[in-house]
Every structure is written in structure tokens, then in C-alpha cells.
Amino acid sequence: MNNLGFATRKQIQVIENLGSDRNAARILKRMENEKSIQSFRREFKVYSLTHHGKELIGSSKDLKTGASDRLVDHTLMRNDLYIKLGMPIDWRTEKELLYNKQQDRIVVDAMYSRNGEWHFVEVDNKQTMKNNREKLKKYAIFKKDIFRDYGHHPTVIWYTVSENRKQRLEEWMREYGIKGKVYV
């Protein structure tokens with residue numbers, strides 16, 4: 001929960017290998033009663049750590065109390081992609097990276113390595129396509145730094161909400177010579 005931020009029962013069930021729906025619901029209910037997690041209702045329950053829960057595990061991460069719907073949706077989409085990508089061990093979220101001789105920065109939604117190559121994750125749930133294109137332009141510059149420092153071009157993985165957005169992102173990735181994949 002500390003690394004996920006917000007999560008649904010299904011996400012927690014898969015990530016923590018909690019078995020059946022009934023078992024997962026029982027465990028989460030017990031944790032809520034113990035005040036280590038809290039939940040709020042949408043179409044489904046969304047869980048997050050409480051202050052007490054953070055203390056129990058020794059976390060120093062900021063609590064996201066009163067988070068916007070947009071942030072919650074973004075986080076849940078990122079968690080879905082984390083599961084889809086096989087739950088990489090070195091998955092890190094919201095990382096700021098410097099590139100272009102430390103003059104520019106890019107904040108990736110998540111990053112991990114696989115087979116010695118960097119993969120950068122972008123979640124596009126309500127971003128403007130103009131901003132997405134600008135981010136791809138940054139990646140076009142950043143990929144040169146990765147190649148210089150690590151001997152490979154990074155893979156950029158997008159998770160978006162529609163086929164139309166997927167097609168535009170794929171088109172721009174080809175235009176800028178960025179290798180990657182777009183999921184819907």
C-alpha cells in the first residue's frame with residue numbers, strides 16, 4: 001500500500017496474492033478496523049494507508065488525504081499497468097530525471113529496468129494531447145543521454161484511455177524515433 005498510494009481490492013488482491021475475493025475482503029476489513037488503512041467509495045472501494053498504518057511500517061511518504069479524482073484515477077491506472085507489466089521489482093513512481101547535460105528535467109510516472117534496459121511509464125488519463133506531444137519531444141532528447149550513459153535507447157510505455165489517443169501517441173513515437181508501446 002505504501003508504494004501504491006491508492007489501490008482497489010482487486011489490485012491489492014493480485015499484488016499481495018490474497019487468494020479469493022472473500023479472503024481479500026476479510027483481510028482489508030480487518031485492516032480498516034485496526035485503522036491501518038482507510039477507504040472511500042467510488043464504483044468500488046479505494047484503499048490507502050492511514051497515518052497509523054504509515055507509522056506501523058515506518059513510512060515517511062506523504063499521505064494524500066483529500067486527493068482529487070484525477071489523482072486517484074491516475075494512480076489506479078498506474079497500478080493496473082504495474083500488474084500488466086508483471087510487477088517489476090525495481091518499479092519506482094514519480095521520479096524526476098535530469099537530462100540534456102542536467103539542464104532539463106522530465107518527471108516520469110514510473111520507471112523500471114528489464115534485461116538491463118530502462119523503461120519509462122506514462123499514464124495518460126486526462127492530459128492534453130499537446131502536453132503528451134511535448135513530453136515525447138523531451139523523451140526524444142533524453143533517449144540520447146540514456147544511450148550515451150547506458151548503451152541503449154529507453155522504452156517508453158504509455159497507458160491511455162482511448163484508441164484515438166493510442167494511435168496519436170504511436171504516430172508521434174514513430175515520428176520522434178522513440179521505441180515503446182501504448183496500452184489502452
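How many cavities of 30 Å³ or more does the structure hold? The structure, which is a predicted model, holds one such cavity, where a cavity is a set of points, on a 1 Å grid over the protein atoms alone, at which a 1.4 Å probe fits but cannot get out.

**Figure 1. Overview of the chain and its elements.** The chain has six helices and eight strands, which are DSSP runs numbered from the N terminus (H or I and at least four residues for helices, E and at least two for strands). Read from the N terminus, these elements follow the order β-α-α-β-β-α-α-β-β-β-α-β-α-β. The C-alpha trace spans about 50 × 35 × 30 Å along its principal axes.

Figure 2. About 40 Å³ of space lies in the largest cavity, a volume being the space filled by probe spheres set on grid points that are joined across faces, edges and corners. Its lining residues, those with an atom within 4 Å of a point, are Tyr-139, Lys-143, His-153, Pro-154, Val-156, Gly-177, Ile-178 and Lys-179. By class, this lining has four nonpolar, two polar and two charged residues (Ala, Val, Leu, Ile, Met, Phe, Trp, Tyr, Cys and Pro count as nonpolar, Asp, Glu, Lys and Arg as charged, and the others, Gly among them, as polar).

**Figure 3. The second largest pocket.** This pocket, an open set of points with protein on both sides within 12 Å along at least five of seven lines, has a volume of about 320 Å³. It is lined by 18 residues, of which Val-107, Asp-109, Glu-122, Gln-127 and Lys-135 are the closest to its centre. Two or more lining residues come from each of α4 (69–84), β5 (104–114), β6 (117–124) and α5 (129–150). The lining of the second largest pocket divides into five nonpolar, five polar and eight charged residues.

**Figure 4. The contact of α5 with α6.** The axes of α5 and helix α6 (residues 163–175), lines fitted to C-alpha atoms over the stretch in contact, come within 10 Å and cross at roughly 25 degrees. The two helices α5 and α6 are therefore roughly parallel to each other, a term for angles under 35 degrees. Met-129, Asn-132, Arg-133 and Leu-136 in α5 meet Arg-165, Arg-168, Leu-169, Trp-172, Met-173 and Glu-175 in α6, with contact meaning heavy atoms within 4.5 Å. The residues of this contact comprise five nonpolar, one polar and four charged.

**Notes.** Residues are numbered from 1 along each chain as its sequence is written, and side-chain values use heavy atoms, with hydrogens and water left out. In this predicted model, local features need pLDDT of at least 70 and side-chain atom pairs count only at pLDDT 80 or more, whereas totals for chains, interfaces and linings use all residues.

Note on methods
Axes fitted to C-alpha atoms, helices over the stretch in contact; angles between N-to-C directions. Parallel < 35°, antiparallel > 145°, perpendicular 65-115°, else oblique.
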